[in-house]
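Thank you all for coming; I would like to walk through one structure this morning.

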Amino acid sequence: TPSAFWFRLSIAPPEDGSPALLSVGLPHLDDVRLYRQDAAGHWQESRSGDLIPYNQRSWKSPRLAFVMAHMEHAETVYLRISTSGSVGINVAAQPLGPALADDLRYTLFHALFLGLIVTSIVLSVTFLFYSHDLIFLNFMVSQSFILAGLVTLHGYASVFLPDQSTSSATTLLGIASGVTGIIFHLHLMKRFQPLRVLFVIGCAFACFEFIAVPLALFSDARIALGLHASVMAAFPPFLGLMAWTARVPASMSLWSLRAIYSALVVSASVWILPQLGIVQPNWMTLNGGVLHGVINFGLILSLLAYLTMRDRRAAEQSMLAMAQLQTERAIQNQSFAAQQNLTWMLAHEVGTSLSVIRMTVAKESMTPRSKSRIDRAITGLDSVIRHCLDADRIQSGHWQISPTRIDLRQILDQVIRQQDLPRLVLDRSSVTQAPI
């Protein structure tokens with residue numbers, strides 16, 4: 001609401017005499033004002049918040065804070081906070097030394113977490129070029145908006161843009177990360193074929209989240225963030241329901257899908273339940289986006305592991321098929337070699353035998369007709385051998401065509417003599433020479 005939160009705080013001076021640091025988190029706090037009495041009893045105002053550029057803040061840090069110096073005794077101060085979207089607000093007063101140490105731990109923690117998101121983006125880009133699967137493009141876009149949103153939400157964008165307010169950027173990037181995140185999860189979930197009615201309802205969630213963008217740009221940001229908070233509170237449990245009704249394993253096994261989305265539901269409850277007023281907000285509530293990002297990192301690692309195992313199985317199957325083809329080729333080569341050896345052996349043996357027969361027939365006394373018939377039979381065997389050799393040459397690719405002209409009348413006369421048929425009188429005019 002447009003209302004502001006007022007805190008009445010009693011702060012004791014640090015025992016070591018150092019200044020105290022009054023910090024207010026989480027960012028996305030539009031306007032934070034500290035009212036403190038000076039020595040004359042007049043109330044002095046100090047301002048901070050996302051609407052205040054970094055260079056105009058009294059405390060230069062991603063966290064919003066006020067330095068309380070010259071404290072001689074316990075003081076009562078008033079803190080006024082105007083916010084457009086925080087689920088929980090953490091107010092703490094510490095000596096300056098421990099506060100700086102907390103700042104360092106805070107920065108290192110977020111550097112580690114943001115490094116995980118950057119790693120997931122790099123992995124998704126790599127596998128996008130490797131597999132051309134658009135799910136990695138959707139994941140990359142979603143994680144990029146989450147990264148930009150968290151950098152702004154936790155105050156780092158104000159450091160990079162010291163002369164500009166980051167309140168609008170925090171609002172828009174938060175909503176944009178919600179839109180792209182819903183699109184990614186729906187794209188992924190569609191592969192597993194959940195109940196169709198659930199998928200249609202999921203698309204309605206995406207439409208409502210998208211409506212929050214023009215509301216944030218052209219209307220009250222609180223209305224847009226209220227719609228965004230409602231959608232993001234209801235969508236994780238809905239994703240868990242879709243995962244448990246999925247029917248077909250796709251980019252991972254169904255049990256892996258259900259385990260990851262069940263963890264997502266649990267991680268979302270740390271800020272959903274405080275938002276509903278069921279439990280008090282705590283440190284995990286203020287870092288719910290960190291948990292969500294870790295779950296997404298686990299999700300992309302599961303996708304990559306599944307695709308890697310699938311590609312490995314495909315490679316093994318391809319190698320097995322190649323080995324089988326090589327074995328079959330070797331067997332065919334052996335069979336062809338054996339057939340070729342048999343043909344040459346047959347040709348040699350039969351040719352030798354025919355030569356012997358010819359020599360014997362030439363020496364023995366036989367009737368001319370018997371000699372002629374034996375000679376024709378030997379000639380026929382010779383022809384068969386030549387045909388075998390020609391067939392072998394054709395298979396080996398060494399056979400060449402040599403066209404010749406033949407006399408059909410002569411061929412018919414040979415057939416008649418071989419079959420002892422009555423001779424036929426052929427008209428020369430009906431017989432022509434043809435190239436074969």
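Predicted model: local features only at pLDDT ≥ 70, side-chain atom pairs only at ≥ 80, totals over all residues.

Of the contacts in the protein with a separation of 6 or more, 74% are accounted for by residues 24 or more positions apart, where contact means heavy atoms within 4.5 Å. Residues are numbered from 1 along each chain as its sequence is written, and side-chain values use heavy atoms, with hydrogens and water left out.

The protein has 436 residues, and 36% of them count as buried, that is, under 20% relative accessible area with a 1.4 Å probe, protein chains only.

There are 11 helices and nine strands, taken as DSSP runs numbered from the N terminus, with helices being H or I of at least four residues and strands E of at least two. Strand E2, residues 20-25, includes Gly-25, which counts as buried because its relative accessibility is 17%. The C-alpha atom of Gly-25 lies 6.7 Å from that of Arg-63, although the two are 38 residues apart along the chain. Setting aside neighbours within four places in sequence, Gly-25 is in contact with Gly-88, Ile-89 and Asn-90.

Let me turn to a pair of helices. Among the residues that meet between H6 and H7 are Ala-229, Met-232 and Trp-244 in H6, and Trp-255, Tyr-261 and Gln-275 in H7.

Key
Buried < 20%, exposed > 50% of the residue type's maximum accessible area, 1.4 Å probe, protein only.
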